[in-house]
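Please keep the sequence and the structure in view while reading.

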Amino acid sequence: MKLAKQHLEEQNEELKTLDKMKDGLVRDVSHELKTPIVKHYMVLEMLISTLRKHGLLEECRDVVTIMESSIKRQEGVISNILDLARLEAGGRKFRLEMIRLDELLNDVLDEYDIILKADGIKVIKKIETVTIYSDKEMLFHVFSNLIGNAVKYRSTTSTPKIEVILGQLDGTAQIKVVDNGVGLTVEEIERVFDRFYQASLAAEGSGVGLTISEMIIKELDGNIRIESGGKNKGTTVIIELPLPDDPWAANGI
């Protein structure tokens, strides 16, 4: 019995050591990846300054925009991987408060406004006034990821559309993000929350955005699921979050 207890304690210590090594590795790798990105930003700023000085900035605007977008994507990938590591390690504590979901969704859509217009995406909003007790920053992260995915996988065969729906159903706040984009097969839906999984190898990003979103929603006592009619038949993401016990607060009063 003593030997078994001792063996268990040794295993626990080994696991703690491995966790520390993992956390240190994530920090070190992230730092090494961030360093060249900072340098890329500096070089890009120098390039923009030189082009502006010689009156060539507007002529080279498309190239500069592509370079800037590429650097931001790299930065986003590193940020997502760090977020995943922090959540798994319990390094990000949830900060709960009464928040208006309708205002939060509109804030996310406002942030994407320029991109949505540039890509010719039609946005349909069916948003009711709903208040819940949750983490505003974390939910902003989730909704931003969903809108970003809808933009990334938008339809290329017809006018791209994104519909954002918010209402109450069976004691929960229900959020739906519906698009008419590339869609998913049954097999892809089964794996879509797996870390680093991407339905398309050509897709941009780290493949952990939905993994992080699922972790956040579950920690907030909610549910998230994805539905699709198949390839090129669009995707629907459904999130359900608990309403507060106070019915007046749930109605935004």
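Across which strands does helix α3 lie? In this predicted model, helix α3, made of residues 101-111, lies across β2, β4 and β5, and its direction runs at about 170 degrees to that of β2.

## The sheet

The five strands form an open sheet with mixed pairing, and their order is β2-β4-β5-β7-β6. Because β2 (122-127) and β6 (223-228) each have a single partner strand, they stand at the edges, and one side of each is left without a neighbour in the sheet. From one strand to the next, the twist averages 15 degrees.

Within this sheet, strand β4 (residues 161-169) pairs with strand β5 (residues 172-179) in the antiparallel sense, over eight bridges. Gln168, for instance, has Ala173 in β5 as its bridge partner. In general, strands of a sheet pair through backbone hydrogen bonds, either parallel or antiparallel.

## Helix α5

Helix α5 (residues 136-152) also packs on the sheet, where it touches β4, β5 and β7 (235-242), and its direction makes about 170 degrees with that of β7. At the start of α5, the backbone nitrogen of Glu137 has a side-chain oxygen of Asp135 within 3.1 Å.

The length of α5 can be checked: at 1.5 Å a residue, its 17 residues should span 24 Å, and this agrees with its end C-alpha atoms, which are 24 Å apart. Twelve of the 17 residues of α5 are buried, so the helix is largely enclosed by the rest of the structure. Among them are Met138, Leu139, Val142, Phe143 and Leu146, and the buried residues also include Ser144, Asn145 and Asn149.

Conventions: Residues are numbered from 1 along each chain as its sequence is written. This is a predicted model: local features need pLDDT of at least 70, side-chain atom pairs count only at pLDDT 80 or more; totals for chains, interfaces and linings use all residues. Side-chain values use heavy atoms; hydrogens and water are left out. Two strands pair if DSSP finds at least two bridges between them. Helices (H or I, at least four residues) and strands (E, at least two) are DSSP runs, numbered from the N terminus. Axes are lines fitted to C-alpha atoms, for helices over the stretch in contact, and angles run from 0 to 180 degrees between N-to-C directions. Contact means heavy atoms within 4.5 Å. The expected span of a helix is 1.5 Å times one less than its number of residues. Buried means under 20% relative accessible area, exposed over 50%, partly exposed in between (1.4 Å probe, protein chains only). A polar contact is a pair of N or O atoms within 3.5 Å; within protein, one must be able to donate a hydrogen and the other to accept it, and residues adjacent in sequence count only if both atoms are side-chain atoms.
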